[in-house]
Structure formats: structure tokens, C-alpha cells
Amino acid sequence: MTALTPVGRIVDVLAGAGYRRLAVPIKVGSLEFKFAAGFVGTGVSPDLIVVVDAVADNELRAQQQVEGLARTLDSLESKRPLTVIVAGPRFSDAVAQVVSRAGRVLYADDASDASRLNDALAVLLPLSLPEHLVTGAGFDIDVEAVLTSNDPMERQIFEASLVGEDEVSSVLFEWINAPFESGLTEGDQE
């Protein structure tokens, strides 16, 4: 498998993000599960990630493998969330519904466009700061760039960071809560 294949490109992205690659077939307990690739998260990301090659594998077989893996993880009382990445064509609605009950499902399609692949896998990838905010390896903030930014949210979060962690949390809470509060009237709040 090379980076020229959809699975190879997915493997490169996950390995580059710090996930630890598993040998395939993936062995859980005394059972083996055949997937195109497998990873486990390290540090704060405990995910078990399996990659299904929807071009090479029959979707019903993939469904059986995912369901079996999920049942095995449950029986072992595993705390790892399961993420299934589908490389190639999307599952039919019936199979997608069953597989999505077992874990999070991400579709990488043909994974040929790096930007679209990163978008598809975004929930698994570390966040990165905009390039103009990071200077050097020490993550020094370019204060002038932030203060002259046209993005009011960027400025607001930077200013909150100068006050402290609680202020940043407060600003983030306000942003998240705002859409819910804007639609409420006094009678709705009872």
C-alpha cells in the first residue's frame, strides 16, 4: 500500500497526526478483524480507528467486521471510541445506518485531494493556529497581526487570553450559547 492509494493517503495523514498504526488483521481479545488499516490514538485521543477499503471490500462484509469489532469492544468493556473511515464509495443507506450505530463514520471518498481529506478527517486531527499567529518554534503570538486583524472573534479571544483561562472559557461559552439565546423570547424561557 502506498500513498498513491486512498487507504495509503489516509494512513499517511493519521500517522502524521501521531496515531499509532496497528498490525492488520487487528486482533482484539482472541478475535481477528480484517480492515485495510487500523490505528489507536495516543495521549488525549483514545480512539480506535479502522479504515475500510470500500473498493476492495464488500460493504456487507465491512458491516459484519465493524459490528463484530464493536461487540467485542463492548464485551471487553473497552473505553476506546470506535471510528470507521471509509475509503472509496460511500456505504448504502442501510449499511451506513448499521455501521453508524457501532461508531463514528467518516467518509474519505477517493482521498485524492489533500485539503478535502484533511476536512473529512478533521475531527481526528490536531487543531493548528493560523500561520500569521505563529512565529518561530516557541509559538510566540504576533500581537500586531492579531490586533489589526479583520476577524473580531480572533481579536476577542486574544484579548480574553490576556486576562486568563477563565475569561477565555467565558468568551467561548458566550459564542457557543449565542445562537440558542438569540431565538428565545421571555415566554420561551419558562
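Author: This is a predicted model, and it holds 3 salt bridges.

Start with Asp47 and Arg104, whose side chains meet in a salt bridge at 2.5 Å, N to O. The two partners come from distant parts of the chain, 57 residues apart. Asp47 lies in the loop between strand 4 (37–40) and strand 5 (48–53), while Arg104 belongs to strand 7 (residues 104–109). How covered is each partner? Asp47 has a relative accessibility of 7%, so it counts as buried, because the cut-off for buried is under 20%. Arg104 has 34% and therefore counts as partly exposed.

Next come the side chains of Arg90 and Asp109, which form a salt bridge at 3.4 Å, N to O. The relative accessibility of Asp109 is 24%, so Asp109 counts as partly exposed.

Asp109 has another partner: its side chain meets that of Arg116 in a salt bridge at 3.9 Å, N to O. A pair counts as a salt bridge when the nitrogen is within 4 Å of the carboxyl oxygen, which means that 3.9 Å qualifies. Arg116 has a relative accessible area of 57% and is therefore exposed, since exposed means over 50%. Through shared partners, the salt bridges join Arg90, Asp109 and Arg116 into one network.

Some charged residues belong to a surface patch instead. Glu165, Asp166, Glu167, Glu174 and Glu181 gather on the surface as a patch of negative charge. Residues in a salt bridge are left out of such patches by definition, so none of these five takes part in one. Asp166 is found in helix 7, which runs over residues 165–182. With 66% relative accessibility, Asp166 counts as exposed, because the cut-off is over 50%.

As for the setting, the protein chain has 7 helices and 9 strands. Of its 190 residues, 35% count as buried. Among contacts with a separation of 6 or more, 46% are between residues 24 or more positions apart. The chain exposes about 11,900 Å², and carbon and sulfur atoms supply 54% of that area.

Conventions
Residues numbered from 1 in each chain as written. Predicted model: local features only at pLDDT ≥ 70, side-chain atom pairs only at ≥ 80, totals over all residues. Heavy atoms only, no water. Patch = residues over 30% accessible without salt bridge, like charges linked within 9 Å, V, L, I, M, F, W, Y side chains within 5 Å. Areas by Shrake-Rupley, 256 points an atom, 1.4 Å probe, with all protein chains shown as cover. Lys, Arg positive; Asp, Glu negative; His and termini not counted. Charge placed at Lys NZ, Arg CZ, Asp CG, Glu CD. Helix = DSSP H or I, 4+ residues; strand = E, 2+ residues; numbered from the N terminus. Buried < 20%, exposed > 50% of the residue type's maximum accessible area, 1.4 Å probe, protein only. Contact = heavy atoms within 4.5 Å.
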